[in-house]
Amino acid sequence: MAEKTDMNKDVSKILVSEEEIHARVKEMGKQLSEEYEGKNVVLVCILRGAVHFFSDLARAMTCHMEMDFMSISSYGNGRKTSGIVRIAKDVDTNITGRHVLIVEDIMDSGLTLNYLTKLLRERQPASLKIACLLDKPSRRECDITPDYCGFVIPNEFVLGYGLDYDGYYRNLPYVGVFKQE
């Protein structure tokens with residue numbers, strides 16, 4: 001059995017509180033519901049980090065939708081992507097002629113989402129947009145921006161609400177800055 005841990009001790013500060021997340025996700029859900037009303041959108045969750053955001057956002061939306069999932073990995077060191085992407089699980093839904101909304105936890109370098117949007121555009125969706133909880137524009141290495149964004153954050157290593165460090169901390173209810181020790 002694993003020893004009892006206090007994950008909060010590994011967080012130097014809370015960047016976005018649980019209450020702020022829930023309020024913003026509710027606002028985004030309302031906005032997206034209005035935009036996609038009558039369009040039967042396909043929400044594509046990018047596993048694993050976006051699961052909490054995806055689930056909360058989908059419940060905040062009132063329009064018809066389908067849900068699908070992609071699992072992708074980009075190679076690099078633990079805190080930086082190389083932009084070399086491998087699709088571990090592709091969508092099962094045929095997105096040709098459909099309105100597709102990619103739901104992602106964070107956009108920083110943009111390399112992974114840039115690759116992913118090019119791949120999905122080849123499948124000729126009616127529209128393709130990105131909703132991310134967090135945006136780190138100071139880290140952008142390519143010309144891509146989210147269409148919908150919860151919060152713009154500084155260039156700090158964050159975890160919680162789906163974001164991890166070495167597979168842990170995803171279950172924190174807030175977004176916090178990882179202690180650099």
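## Surface and overall build

How much accessible surface does the protein chain have, and what share of it belongs to carbon and sulfur atoms? The total comes to about 9600 Å², and 48% of that belongs to carbon and sulfur. Keep in mind that this is a predicted model.

On overall dimensions, the C-alpha trace spans about 50 × 35 × 35 Å along its principal axes. The radius of gyration is 16 Å, which agrees with the value near 16 Å that a compact globule of 181 residues would have. Of those 181 residues, 49% count as buried. If you take the contacts between residues at least 6 apart in sequence, 66% of them join residues at least 24 apart.

## Helices and strands

The chain has three helices and nine strands. Starting from the N terminus, they come in the order β-α-β-α-β-β-β-α-β-β-β-β.

One group of strands makes an open sheet: three of them, ordered 1-9-8, with antiparallel pairing. Its edges are strand 1 (11–16) and strand 8 (158–159), each of which pairs on one side only. Strand 8 is joined to strand 9 (residues 175–178) by two bridges, and within that pair Leu-159 has Gly-176 as its bridge partner.

Parallel pairing turns up elsewhere. Strand 2 and strand 5 run parallel and are joined by four bridges; Val-44 is partnered with Ile-102 of strand 5. Strand 6 and strand 7 also run parallel, again with four bridges, and here Ala-131 sits opposite Tyr-148 of strand 7. Strand 2 is mostly covered, with six of its seven residues buried. Strand 7 is mostly covered too, with four of its five residues buried.

## The nonpolar cores

Which residues of the largest nonpolar core touch the most other members? They are Leu-57, Leu-101, Leu-134 and Val-175, out of 30 residues in that core. Several elements each supply at least two residues to this core: helix 1, strand 2 (41–47), helix 2 (51–60), strand 5 (99–107), strand 6 (127–135), strand 7 (148–152) and strand 9. Helix 1 gives the largest share, five residues. Apart from this core there is another one of 20 residues, including Leu-113, Leu-128, Ile-130 and Ile-144.

Leu-57 is a handy place to look at the packing. Setting aside neighbours within four places in sequence, Leu-57 is in contact with Val-25, Met-28, Gly-29, Leu-32, Val-103 and Ala-131.

## Val-25 in helix 1

Val-25 belongs to helix 1 (residues 18–36). Is Val-25 buried or exposed? Its relative accessibility is 3%, so Val-25 counts as buried.

Leaving out residues up to four places away in sequence, Val-25 touches Phe-53, Asp-56, Leu-57, Ala-60, Leu-133 and Tyr-161. For a sense of how sequence and space compare here, Val-25 and Arg-59 are 34 residues apart along the chain, with their C-alpha atoms 9.6 Å apart.

## Cysteines

How many disulfides does the model have? The count is zero. Cys-63 is in no disulfide, and the nearest cysteine sulfur, on Cys-45, lies 16 Å away. Cys-63 counts as buried because its relative accessibility is 7%.

Cys-149 is in no disulfide either: the nearest cysteine sulfur, that of Cys-132, is 4.5 Å away, while the cut-off for a disulfide is 2.5 Å. With a relative accessibility of 18%, Cys-149 counts as buried, given that buried means under 20%.

## Backbone spots to check

A few backbone details deserve a glance. The peptide bond joining Leu-47 and Arg-48 is cis, with omega about 0°. Arg-48 is in the loop between strand 2 and helix 2.

Gln-124 has a positive phi, near 55°, in a residue other than glycine. Its place is the loop between helix 3 (111–121) and strand 6, and at 56% relative accessibility Gln-124 counts as exposed. Asp-166, likewise not a glycine, has a positive phi near 55°. Asp-166 is in the loop between strand 8 and strand 9, and it is exposed, with a relative accessible area of 66%.

Notes
Residues are numbered from 1 along each chain as its sequence is written. This is a predicted model: local features need pLDDT of at least 70, side-chain atom pairs count only at pLDDT 80 or more; totals for chains, interfaces and linings use all residues. Side-chain values use heavy atoms; hydrogens and water are left out. Buried means under 20% relative accessible area, exposed over 50%, partly exposed in between (1.4 Å probe, protein chains only). Contact means heavy atoms within 4.5 Å. Two strands pair if DSSP finds at least two bridges between them. The radius of gyration is taken over C-alpha atoms; the globule rule is 2.2 Å times the number of residues to the power 0.38. Accessible areas come from the Shrake-Rupley method with a 1.4 Å probe; for residues, only the protein chains shown count as cover. A nonpolar core is a set of buried Ala, Val, Leu, Ile, Met, Phe, Trp, Tyr and Cys residues joined through side-chain atoms within 4.5 Å.
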